[in-house]
Amino acid sequence: MSLAGILGLSGLVTPHVDYVSILPELILSVAALLMMLAASLFRRAVPRGTWAISTAVVAAASIGASWYLWDQVQHHGAHTAVNEAVAVDGFSVFFLMLISVALALGALLADDYLRREGLDGPEFYVLAMLSAAGAMFLAVANDLIVVFLGLETLSIALYVLAGYHLRRRESSEAAIKYFVLGAFSSAVFLYGVALTYGATGSTNLAKIGAFLAGNQVVDNGVLLAGMAMLIVGLGFKVAAVPFHAWSPDVYQGAPTPVTGYMAAVAKAAGFAGLLRVLYSSFSLLRTDWQPVITVLAALTLVVGAVAALVQTDIKRLMAYSSINHAGFVLVGLAAATSQGISGALYYLFAYTFMVIGSFAVITLVGRQGDARHRLEDYRGLARARPVLAAVFALLLFAQSGVPFTTGFLAKFSVISAAMQARSYPLAILAMLSAAVAAVYYLRVIFLMYASAPEPSPELTTALAVSVAGGGPGVSLPSAGAGEPVDVLPVGDDGIAMPPAVLLVLGLCAAFTVAMGLWPDPIVDFARHASLLF
Amino acid sequence: MTTLLPVAQSTAGGGFGFPILPAIVIVPATMAVVLALLPRSRQELARWLGTGASLVVAGLAIAMAVRFRTGQAGYQFVVAHDWIRPFGVQWKLGVDGISVFIVVVTAVLFPVAIAGPRVDRDIRSYAAWMLLLEAGCLGALMSLDLLLFFLFFELTLPPMYMLIARWGASPRRSGAATKFFVYTFAGSALMLIAMLALVFLEARSSGHVTFDLLTLTAQQHLSKDISILLFLGFAAAFAVKVPIFPFHTWLPDAQVEASTGGSMVLAGVMFTLGTYGLVRFCIELFPGASVSMAPLMLTLGAIGIVYGFLVAVVQTDIKRMIAYTLVADLGVIVVGLFGFTAQGFSGGIYQTVNHGVSMAAMFLLIGLLIDRLGTSELAAMGGVQKRAPIFAAVFLLVTLSVVGVPGLNGFIGEFLLLLGTFLTHRWWAVVATVGVILAALVFLWAYQQAFHGTPRTGRVGAELSARELLVVAPLVVLIVGLGVYPRPFLDRINPSADRILARVAVVAHNPPPSPPAASGLPRRVEAQP
């Protein structure tokens, strides 16, 4: 804070930029630009996997930089930088780590997919790194303008990523849908920024908080409207009901690795922004926003659990499941205590691994053309691909909250926060929604372990779709009537097991179990992050 | 009130050179992982490894029970380590008279369930899930930390789900398995809420968050209303698991759809776990609320008895018929427990053990019978006795044990239960006795249908093979042993049962905020049969 004071004296002069404080974001942005540059300079073919591996290395560097910042924060305390626009505290660093990890996993996951679909190239990774940088800015922002900057950087890169599969109509449709609704929500957010500025005279989160602490706002309609709009804008990003309508369509249409990455990063960043705005600026208006968040949480839990029951497409199902998970994180927020925040943070960290791992399986099972996403396509998977099925079963069990996995501890930490804050009805609702959600996770698990299907008309249709959508890269032999190898979704009919994806699966499964058995490190991390706010 | 809560004095090893209780949990869990990693081609090896590991666990459990000190009410072999420090969760295990024989029976049943039934596909995964289930059950039975208990309790769900969904018979098994999972999960969800509420309410008065069972039992400053709510939250989980009457509907489906091994474990272990939970958590943690809620529990138990047998009589499928008698038998146990008398309480715990053994044996034999005849319809059975006299004899023995014929285990438990209930709740005892008579009717009728008369289909049962005899033998030994010489068992159960009853009595005598329950004060009678 002393640094902030010094910076405050510099007046209107261009602010001093403390580059170390934004090192992870810089690493990602610069690496993205360099990669673009390199790609245009060396047009010749690069060894396969170069882009993905470079991205993973960059993500690792950004983890290293975040680690350094974590060390700084622990020894010297939280501080702000760049004229108080950016906060370097435990909370920021937590999200910097989380986003870097998600980026590395997403890059490894995408590598084979892009080659398989004939989309290989550096652009995907450039966009991923930029979106991650945007997400990081959102997480470290200490100013509504920076929040907006991060939000837009993240979103615009994600719009393009959602439409990255050029030859799939669904992909473009998802991108358009995401873009239109996303732009709308950004506009709402921006209007919220304007109203908040009008009411408090600042866009700086800390200063807004200080203003509210120092002044009695008699007629606070403008302020409340601004806050509501900020919540709506960020609520859209995290797909909180009733701002969730885009999410099933976009999850379904976007290329599967993008869906996994997006589910992890956009959600984490959105919650980072929401937490920051609510706790840094509006913590004094708690009595105003707490009921709103509680209602959002309840709706999100219920819709996420119930609507998923009738889905027949795995990606839509996962979309609703992720809505249900968002509901749990909102339960943590609604508690409005430091236990609630650390519970929400832990939840997001655990969820990152569970969701990227799940989408890694979905990517593989989707096969060439990225089209086999009906639940029926999972029938009998265990027979042909026991490891894949076992990992997916593990991750789904974890998502449903089975003990000795991070999934349970995540639910436990937010529920216990809600209980400590005495919001018993919300806690009970959340647990019951988890019971309902178990139904659809179990359905997938049952299908995987059920016996192999008989060839049916629907399966042939699925094949036709996959052929039609596959584009030039399709290498399936023509689907004759007596071609069981191609008709059956099991067996050696196109599920490749690339090492990078296996690595992702291994990491996600190992993290989910190991941190479930030995929870102290991440629980402590989340707890410290919420204390060093 | 703390004087009533003797805490175990024994050292960590209890005379063993190593912490035996963690070993009982870790051995099956580790072997489950090993089996999961084993190549799928090594099915026979997996069968042997699975059976071997579960036999080791059984050996450990029996050794533990042998070293268990008689006449002590507290927990023994206690092991405690910090686990999730930020939440105050400990890895704390221990056994007392309530749990010791349930642990032993559970550990003995699993090798039988792994090696006994015919498993028609993927014995490797079957054994792995069984062992994971065993780790969950045993862990839950020995946990002295509420959250640890909850974790183990929940850990039983995925394996049980898989055992029903993958190794079950008919296409309806998916629905049955899901129903089982969701019912239990929902019940557990309420328990988790109640658990957290209890912990945080205690933390508010004591200043630090702990899930330690002993600490929470010792210091409770809850008002009557709150403790009743918490009691109901815990009871929700166990009422589904036991199951008690209106929450039983998942049971017949799950029992019928599960494979033989799955049915055995459900009948022999899962329900046992539910009853154990009622005693350990509902009654011991909330003695006051238990007394207030006793009329409700007694009523539900009694309804379960009558309902279970009446529905059982009209079933045509042998597995479904026996499944409904389970509802009734468990109702008898609930009535005995909530009568709060020395005999009823000890009898309830003893009968929980007995019932686990007998019912597991019953479902194993029914599984063998169905395998032989290719049908589970009673009407299509008959005449097995002529071809397979030994099979019939064993089946009859198990049937008589369930019915409660003197000299076998069921008699001791049921006698104590009915005697205890009669002392305080005469009319409930009448209902329960009628139920017990009906049970004889149902079981003997089923036996007669299946084994007597003439074969009604072309297939008649073959005699028990040597392997099958070997597998059934330990259960038969237990059935006779528990029936003929109950004293060593009751001597170990009684002190702990008395400890809990003393708590109940004290709370009922000095009701902190509550008037005595309508049913009157529990009368304690010293006599031992």
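**Strand pairing, burial and chain contacts in a predicted two-chain model**

Six of the seven residues of S2(B) are buried, so this strand is largely enclosed by the rest of the structure. The structure described here is a predicted model. S2(B) pairs with strand S1 (residues 76-84) of chain B in the antiparallel sense, over six bridges. Within this pairing, B:Trp91 of S2(B) is the bridge partner of B:His81. Four residues lie between the two strands of the hairpin, in which B:Gly88 adopts a positive phi near 65°.

S2(B) also contributes to the covering of helix H5 of chain B. The buried residues of H5(B) are covered by elements that include strand S2 (89-95), helix H4 (123-142), H6, H7 and helix H8 (213-218) of chain B. H5(B) is mostly covered, with 10 of its 10 residues buried. Among the buried residues of H5(B) are B:Leu146, B:Phe149, B:Phe150 and B:Glu154.

The contact between the two chains involves 24 residues of chain B and 25 residues of chain A. On the chain B side, helix H5 (146-155), helix H6 (157-167) and helix H7 (173-206) each supply at least two residues. H7(B) gives the most to this side, with 12 residues. By residue type, the side of chain B that touches chain A comprises 18 nonpolar, two polar and four charged residues.

Elsewhere in chain B, B:Gly356 lies in helix H14 (residues 342-373). B:Gly356 counts as buried because it has 27 C-beta neighbours inside 10 Å, where 20 or more are required. Not counting residues up to four places away in sequence, B:Gly356 touches B:Val105, B:Leu109, B:Gly268, B:Val269 and B:Thr272. The C-alpha atoms of B:Gly356 and B:Thr272 are separated by 6.3 Å, although the two residues are 84 residues apart along the chain.

Chain A contains 22 helices and two strands. Of its 533 residues, 61% count as buried. Among the contacts in chain A with a separation of 6 or more, 81% involve residues 24 or more positions apart. Helix H5 (residues 122-140) of chain A has 19 residues and reaches 27 Å from its first C-alpha to its last, close to the 27 Å expected. H5(A) is largely enclosed by the rest of the structure, because 18 of its 19 residues are buried.

The largest nonpolar core holds 432 residues, of which A:Ile99, A:Met129 and A:Ile356 touch the most other members. Leaving aside neighbours within four places in sequence, the contacts of A:Ile99 include A:Ala132, A:Ala135, A:Met136 and A:Ala139, together with A:Val265, A:Ala268 and A:Ala269.

Most residues other than glycine have a negative phi, and most peptide bonds are trans. In chain A, a cis peptide bond joins A:Val241 and A:Pro242, with omega about 10°; A:Pro242 lies in the loop between helix H9 (221-237) and helix H10 (246-253) of chain A. In chain B, a cis peptide bond joins B:Val242 and B:Pro243, with omega about -10°. B:Pro243 lies in the loop between helix H9 (224-241) and helix H10 (250-257) of chain B.

A:Ala336, which is not a glycine, has a positive phi of about 55°. A:Ala336 lies in the loop between helix H13 (314-335) and helix H14 (338-366) of chain A, and counts as buried with 21 C-beta neighbours inside 10 Å. A:Arg367 has a positive phi near 60° and lies in the loop between H14 and helix H15 (381-384) of chain A. With 22 C-beta neighbours inside 10 Å, A:Arg367 counts as buried.

Note on methods:
Residues numbered from 1 in each chain as written. Chains lettered and ligands numbered in written order. Predicted model: local features only at pLDDT ≥ 70, side-chain atom pairs only at ≥ 80, totals over all residues. Expected span 1.5 Å × (residues − 1). Buried ≥ 20, exposed ≤ 12 C-beta atoms within 10 Å, placed from the backbone. Core = buried A, V, L, I, M, F, W, Y, C linked by C-beta atoms within 7 Å. Contact = placed C-beta atoms within 7 Å. Nonpolar A, V, L, I, M, F, W, Y, C, P; charged D, E, K, R; others polar. Pairing = 2+ DSSP bridges.
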